[in-house]
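Trainee: Please take a close look at the aromatic rings in this model and at how they pair.

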Amino acid sequence: MARISAGVASSHVPAIGAALDNQKQTEPYWQKIFSGFDYSKQWLVDQNPDVVLLVYNDHATAFDANLVPTFAIACGDSFDPADEGWGARPVPKVVGHPVLASHIIQSVIQDDFDITMVRDLAVDHGLTVPLSLMCGQPEEWPFKVIPIAVNVVLYPPPSGRRCFQLGQALRRAVESFDEDLDVQVWGTGGMSHQLQGPRAGFINSEFDRQFLDKIVSHPADLAEMPHVDYLRFAGSEGVELIMWLIMRGALNESVALKHRFYHVPASNTAVGHLILENR
Ligand code: DHB
Ligand code: FE
């Protein structure tokens, strides 16, 4: 049977991708950020997962305001990096797992999650930057990726509780797939940030650190936090953090914290990163 072995959380700041693509990773500003992923890169090589369910948000790249799925799972063969205005990032295309993705769609819909199915999907920095942070610059990504897109761009996004429940449904889906596969779930986005309006540039490190604590030890309580508290304490784009709850819901109640990294600043936000193993 397939099983979920671990979860990874990471911010997805687009400037990190640009730093890597333009060979700036050794500059002091960026070096501090990349060094937080040294452990993670080796860990990922050692774990060697078959598939990553990569939970991210599309930033009005593949979906525009005309059509915004709350949750969407991509079941195509492969996904090209999106052109977000400066040309597509020079990273490998993402190879999907259509059979597992279709099984997950079947399972979660029968489990009352009326999720949107998508086949072709250009994947933006929300998905490719965490891949770069965790894998560096390989010729090909070393595992298959099933993109799971969550709306956090156009209000109303789903509740944190619903995200946590989706994680639990994803786990049931994976564990009912009749093939031996090592599957990880990654949650991306965050941490506190606001890119617009009078509070643009807002960062709340105290909130970020508490979020990093609670998502490990008290995720079900954290899942009850309403959107207005994300807005208030984490800024308007801090609501991206609800995607970490999907990753956490897919894991055991008790997990082993293998790695934690927090660094401010990275562009307009902080880089937060966790590696959790099921135990
Ligand atoms: C930034 C962060 C994001 O999550 C994003 O999607 C875009 C920009 C930033 O910090 O600049
Ligand atoms: Fe973002």
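Mentor: Rings of Phe, Tyr and Trp (its six-membered ring) count as a pair if their centres lie within 6.5 Å; planes under 30 degrees apart are called stacked, over 60 edge-to-face, and the rest tilted. This is a predicted model, in which local features need pLDDT of at least 70 and side-chain atom pairs count only at pLDDT 80 or more, while totals for chains, interfaces and linings use all residues. Residues are numbered from 1 along each chain as its sequence is written, chains are lettered from A and ligands numbered from 1 in the order in which they are written, and side-chain values use heavy atoms, leaving out hydrogens and water.

The structure holds six aromatic pairs. One of them joins Tyr29 and Trp30: the ring centres are 4.8 Å apart and the planes stand at 75 degrees, so this pair is edge-to-face. Tyr29 is partly exposed at 35% relative accessible area, whereas Trp30 is buried at 11%; buried means under 20%, exposed over 50%, and partly exposed in between (1.4 Å probe, protein chains only).

In the pair of Phe207 and Phe211, the centres lie 5.9 Å apart with the planes at 35 degrees, so the pair is tilted. Both residues belong to helix H7 (residues 205-217), four residues apart, about one turn of the helix; helices (H or I, at least four residues) and strands (E, at least two) are DSSP runs, numbered from the N terminus. Phe207 is buried at 9% relative accessibility, and Phe211 is buried at 2%. Together with Trp244, Phe207 and Phe211 form one aromatic cluster.
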